Amino acid sequence: MDDALDFSALVLALSGQLVQEINTTVSQQGFADLRPAHGFAFARISAGGATTADLAEHLGVTKQAAAQLVEELVRKGYVERLPHPHDARARLLALTATGRAATRAADQAARAAVAAWREVLGETRFGELVADLRRLAPRGPIRPAW
């Protein structure tokens, strides 16, 4: 068996499972108008200092696509645009109280989703796996600790 392909398939399968479980739980907690792409946007916005251009880069989409996503999140009350302190043409993006509540719901859903993995691996091996994945992640964690 090709370990590289096996690794890729397993990581993608776990990632898909995790995204689906988080999305389902967040939806059940009163945020049914959100989809996984919103969560990826929230992750970048919650780190602070994000403009629409930064969000586009983070999501790997065009600036126009990011602008449409931001407009949708503003309209739904999850994100607000604030004046940029150094660029009058740009706006900083920030989560509203509703956006922060949705993010907390997603954080709780993520903890619950990986609880079974932690149980299967045991506390020590799970911690080692997290450390290994942290070393492999291209940019490390993008979410602040709340």
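Tutor: Let's start with the aromatic cluster, which is made by F31, F42 and Y78. Keep in mind that this is a predicted model.

Student: OK, how many aromatic pairs does the structure hold?

Tutor: There are 2. In one of them, F31 and Y78 have ring centres 6.3 Å apart and planes at 55°, so that pair is tilted.

Student: Is F31 buried or exposed?

Tutor: F31 counts as buried because its relative accessibility is 12%, and the cut-off for buried is under 20%. Y78 is buried too, with a relative accessible area of 3%.

Student: And what about the rings of F42 and Y78?

Tutor: Their centres are 5.8 Å apart with the planes at 45°, so this pair is tilted. It also links distant parts of the chain, as F42 belongs to helix α2 and Y78 to the loop between α4 and β1, 36 residues apart. Both F42 and Y78 are buried.

Student: Switching to the surface: which residues make the nonpolar patch?

Tutor: F7, V11, L133 and L136 make it, and the patch covers about 380 Å². The elements giving two or more residues to it are α1 (3-28) and α6 (123-136).

Student: Which helix has F7, and how exposed is F7?

Tutor: F7 lies in α1. With a relative accessible area of 45%, F7 is partly exposed.

Methods
Residues are numbered from 1 along each chain as its sequence is written. This is a predicted model: local features need pLDDT of at least 70, side-chain atom pairs count only at pLDDT 80 or more; totals for chains, interfaces and linings use all residues. Side-chain values use heavy atoms; hydrogens and water are left out. Patches are made of residues with over 30% relative accessible area and no salt bridge: like charges are joined within 9 Å, nonpolar side chains (Val, Leu, Ile, Met, Phe, Trp, Tyr) within 5 Å. Accessible areas come from the Shrake-Rupley method with a 1.4 Å probe; for residues, only the protein chains shown count as cover. A salt bridge is a side-chain nitrogen of Lys or Arg within 4 Å of a carboxyl oxygen of Asp or Glu. Helices (H or I, at least four residues) and strands (E, at least two) are DSSP runs, numbered from the N terminus. Buried means under 20% relative accessible area, exposed over 50%, partly exposed in between (1.4 Å probe, protein chains only). Rings of Phe, Tyr and Trp (its six-membered ring) pair if their centres lie within 6.5 Å; planes under 30 degrees apart count as stacked, over 60 as edge-to-face and the rest as tilted.
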